There are 4 protein chains.
Amino acid sequence: MSTQDLRVGIIGVGMMGADHAERVAHRIAGARLVAVSDPDTARAGALAARYDGARMIADPLALVADDDVDAVIIASPGFVHEEQVLACIANGKFAMCEKPLTMDSESSLRVLRAERDAGRALIQVGFMRRFDPQYAQLQQLLASGQLGRTLLLHNTHRNKTVPNPEFRSEMIVRDSLVHEVDVARFMFGEEITTIQVLSPAPTSHACEGVIDPQVAVFTMAGGGIVTNEVFVNCQVGYEVRCEAVSERGTAIAGRPQTGLYTTLAEGGEGYWGGLADPDFTVRFNRAYDLEIQAWADASRRGSVVGATSWDGYAATAVCAAGMESLASGAPVAVALADREILQ
Amino acid sequence: MSTQDLRVGIIGVGMMGADHAERVAHRIAGARLVAVSDPDTARAGALAARYDGARMIADPLALVADDDVDAVIIASPGFVHEEQVLACIANGKFAMCEKPLTMDSESSLRVLRAERDAGRALIQVGFMRRFDPQYAQLQQLLASGQLGRTLLLHNTHRNKTVPNPEFRSEMIVRDSLVHEVDVARFMFGEEITTIQVLSPAPTSHACEGVIDPQVAVFTMAGGGIVTNEVFVNCQVGYEVRCEAVSERGTAIAGRPQTGLYTTLAEGGEGYWGGLADPDFTVRFNRAYDLEIQAWADASRRGSVVGATSWDGYAATAVCAAGMESLASGAPVAVALADREILQ
Amino acid sequence: MSTQDLRVGIIGVGMMGADHAERVAHRIAGARLVAVSDPDTARAGALAARYDGARMIADPLALVADDDVDAVIIASPGFVHEEQVLACIANGKFAMCEKPLTMDSESSLRVLRAERDAGRALIQVGFMRRFDPQYAQLQQLLASGQLGRTLLLHNTHRNKTVPNPEFRSEMIVRDSLVHEVDVARFMFGEEITTIQVLSPAPTSHACEGVIDPQVAVFTMAGGGIVTNEVFVNCQVGYEVRCEAVSERGTAIAGRPQTGLYTTLAEGGEGYWGGLADPDFTVRFNRAYDLEIQAWADASRRGSVVGATSWDGYAATAVCAAGMESLASGAPVAVALADREILQ
Amino acid sequence: MSTQDLRVGIIGVGMMGADHAERVAHRIAGARLVAVSDPDTARAGALAARYDGARMIADPLALVADDDVDAVIIASPGFVHEEQVLACIANGKFAMCEKPLTMDSESSLRVLRAERDAGRALIQVGFMRRFDPQYAQLQQLLASGQLGRTLLLHNTHRNKTVPNPEFRSEMIVRDSLVHEVDVARFMFGEEITTIQVLSPAPTSHACEGVIDPQVAVFTMAGGGIVTNEVFVNCQVGYEVRCEAVSERGTAIAGRPQTGLYTTLAEGGEGYWGGLADPDFTVRFNRAYDLEIQAWADASRRGSVVGATSWDGYAATAVCAAGMESLASGAPVAVALADREILQ
């Protein structure tokens, strides 16, 4: 591994990008924050000013091309990902791109072809759950064969609330369920072949017209089945679980009563339990640290870890089928390109 | 309530009937075991000999008609239930009939019509989970409205093993999933309108040709959705859970780590946990006691508690649709008679 | 076992006695409530009127002597226990006496001598935890030898609140810690040789001058050590736990998160957990049922189960030493009579 | 904070020091490993060769004095700590010294006086539990006052096994219980005034003559009481817990069933649970990372975080009293110097 620190530029400094800036500046060994970019140049400038050695570069493509930037974290909105990811590949720079890789399967295929033509993989997609210690441990347990073949997964994904009035049912598929899509592929080590999205009578806490919760069913290439609950206005807190059912046992990642366990006299009754995590930044704070550390280490070694462009492409393709199913209620087959000819 | 003990006759003294005999004889207040009947008269005679005051009556319909029998527990095979239940109604005797009420919807309707014509309800169907303290508490919590409207249920139903070579995939629907059918109707207080049974690649521990595990999805009349896993060869133990997802919170009945909690050095590693229940007789032993006590108390008062003939009929109708869906993989609508004209 | 129901009389119909009356009348197989006695004859009369076949007998010793009473539950205040227990022995009647057996060691010895002279054991002392499924299972696990020799116990005993202004520090030893005394003797199968009661700075929720919580340390005859926390104004709920530490593993009875498990949006945060039990009648409701059922069954067979007069005597002797230690803070040796000459 | 990386030297490269070397080299932001020292120069040289930019310096005091070393981690045996710590202070270098600070109270006082004379604090003592997320969260909860005043702590400290035949009972006090000493002082924010160490009949898995487990009781300056179990041959795994009992609730750090939760068919029964942590390096891996990151950050800012020299001194003084109590069984008062004159 290079003895030089990896000089990191970050595109997009909203909540996620600002979080990564703090991470790279103070918690990641062997990496330094050198540049940030954002259409809101005032915000980007203010952020750069907080970190010694970091500067603002208004144009994201100029940041990618800058000689002082070794590698890039893309935390911009999804609709500009394709251009930025392709620029990274063109400049031979490693990038960690938050999901979605791009907005549709066609554009994701363009990314895959660009990597093929460049002769090397450069892109990691930000499915951070692969780095959560519990999810990672579960995947290792399943891959070890200790429990026999995996038969079923049951995924639970709950957010406290989404007050945004512009929120749409499709965003549950694209922004929340997409994590379960990657979890299913990660745990089984197989592609998803069909997806069905069911629409229960919605909670009254969802905005008008939004179908929340949603129940999705995946069929895996080897015949396994995955049930998924996504509920983004559950009112309680952030809760993410995965239960694997295998031939010789079951295992759960994300059981909620971890951490501090408290009894507390509340009103007239005694509660026994803990606080639910308030949101994903708290729940997956450690996973993000491990993800970015692993990315920085791999980038310095010249390799890619975690979810690849193919994983990003497959997730996009499954979600496209999922949005079709959300409209019809029927199962929809997932169409994937031939992986061979993209390598 | 009458000060006289309820004199109970039991039809069928296989595992379940023998268990009920011991229960009535020794653990139920206000009830006495007075008669048992079984096609295996030797077995029935031996059982009767174990309990003072109990005698064997070879003919089950004679047992029903006997003047010394106030009420009947029907624990015989399902295909003789209709005749025995109708005999109880004809004789004006309360009966607790193990599920299924009868073998198909038509015959269950005949039971309902017989009760209507008799002008009174006499039959309780043995869905014991309604008496399990955790399931009962969950139902009360949901019915209280404290969590808001119920949106989803997730049911889990796992048996250790079914070594019987004559076991068929349909029996998972009819004998195991039927409990989840009743749980869904009990928790929601609504009918099931469609059922879909999905067939994952089966475990290698199932007998040849048996689809195990199965995943079933119910749609409730009010738009709620229920996911169900039934896995009868899970190898580990007996585990039954129900997670309700409501507008203001979630609740789980049957979380497994109840009871004694042990660390024990096993081989080279330290296990932390408890033993899974070995089977349903252990898991639901308390529920059976409470069910039969409630039935005996109600019978002495002249009323019926727990699941009614209508509940038994509805479960049969849903399972019939479920078996159709097991064959096709598609959702099947549940056809129910008009409840009004049966009352 | 006799085919006749055991005809039960109850002395004392305060909270505990009234609870037992309801239990015997409706939940205990093979037993009937026939008589109740209480200095408050109006209360006793009202209670008797609620149960067919039960009558009020003003004089408790007349109840004991009554020909229609086969066995007696003594739920009166402790200071009248000696006279009532001795009357039961004189009349050859089985009795279940709530703790304490009597008010001091000398009087408990008189009970032991009366049983010896009568040539048979007739008295069970109401240490109901021996019948709690978890405590019973833990004792069986320890007795099985599966975990090796037991080295330590850690007992926890918490009540929500004791608002009584007449409450005294000594009552924590005599009424609460006494249960842990019996648990320690039950789990180890050995006598306690020394007891030390430590006085932390008390909670401000205790009444003026009351030392609450208290920490007690027992030494067992075989060298084992038992730590005990008793805290009767913990504000949260009722919680009772016992952790055993053995040579090859540990085990806990009474871990709190059994039962229904709920997430609920409360104020601005998501709680995860269940409700603590409100008091001992809820927590040990099942244990009381099992205790009285076992007592009724044993009485009909002519034997005694559960805690014996010796156990009641030993608990009284340990608590006497505990009250001495509460005053001094130093360890106090427990003086027990020679068991041999009392048998 | 300085933009320069902190250049770290490590003295002692046994298990703990080698672990810190890997940590500083790869997981700590803003720090670099530049030097290692060990009496076993071959081992130190091999370790240095694994990390670019790190060299071996045979003499530990030369490492401390080296101009290229900004700060020092002392992971050498306790009996050389005093000299090395004093050298750090003399050279004005920040140091993270693994416990014990020094071998006795007198030598720890010399460290305190050296810091006072130098006019600044430079030493952190390696009580890593203060950085464990659960222990830290518990301390914050208690300090917040949300649960009211703290009344009791119950600490549990279990190791799987200590096969070393040279192991002595005193080492349980000095090397294991010392962590509970710091936890008690950390959680209460008060000094310990008396300590009593009780000696149960030992496990047969301990080496001949070793008292294991041990039960220790601390009295805090404000009247709180702390019970401690230390059991270093528990056979199961590594388990560390702290339960705080406060005026309005209780809280537990370190409940064991965190992480992955598995059912697995083992032999004839179904286990339900997870694996216990094998040892402290796994259990506290995260705490060590956070500790060293916080130390590196603070050193670059010019300050000290975590346990100070005073905390190290107090722990040493309490353990000295503890070893006296281990011999006598009686409570021993802790004698501490006047903190004022040392500041």
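Biologist: Across which strands does helix α1 of chain A lie?
Modeller: The model is a predicted one. In it, helix α1 of chain A comprises residues 15–26 and runs at about 150 degrees to β2(A). The strands it lies across are β1 (6–11), β2 (31–37) and β4 (71–74) of chain A.

Biologist: Which strands stand at the edges of the open sheet in chain A?
Modeller: The sheet has 6 strands with parallel pairing, in the order β3-β2-β1-β4-β5-β6. Each edge strand has a single partner, so one side of it is left without a neighbour in the sheet. The edge strands of chain A are β3 (55–56) and β6 (123–125).

Biologist: In chain C, which residue of β2(C) stands opposite Val8(C)?
Modeller: Chain C has an open sheet of 6 strands, in the order β3-β2-β1-β4-β5-β6, with parallel pairing. Within it, 6 bridges join β1 (residues 6–11) to β2 (residues 31–37). The residue opposite Val8(C) is Leu33(C).

Biologist: What is the radius of gyration of chain A, and why does it agree with that of a compact globule?
Modeller: The C-alpha atoms of chain A fill a box of roughly 55 × 55 × 45 Å along the principal axes, and 58% of its 343 residues count as buried. Because a compact globule of 343 residues would have a radius of gyration near 20 Å, the value for chain A agrees: 20 Å.

Terms used
Residues numbered from 1 in each chain as written. Chains lettered and ligands numbered in written order. Predicted model: local features only at pLDDT ≥ 70, side-chain atom pairs only at ≥ 80, totals over all residues. Pairing = 2+ DSSP bridges. Helix = DSSP H or I, 4+ residues; strand = E, 2+ residues; numbered from the N terminus. Contact = placed C-beta atoms within 7 Å. Axes fitted to C-alpha atoms, helices over the stretch in contact; angles between N-to-C directions. Rg over C-alpha atoms; globule rule 2.2 N^0.38 Å. Buried ≥ 20, exposed ≤ 12 C-beta atoms within 10 Å, placed from the backbone.
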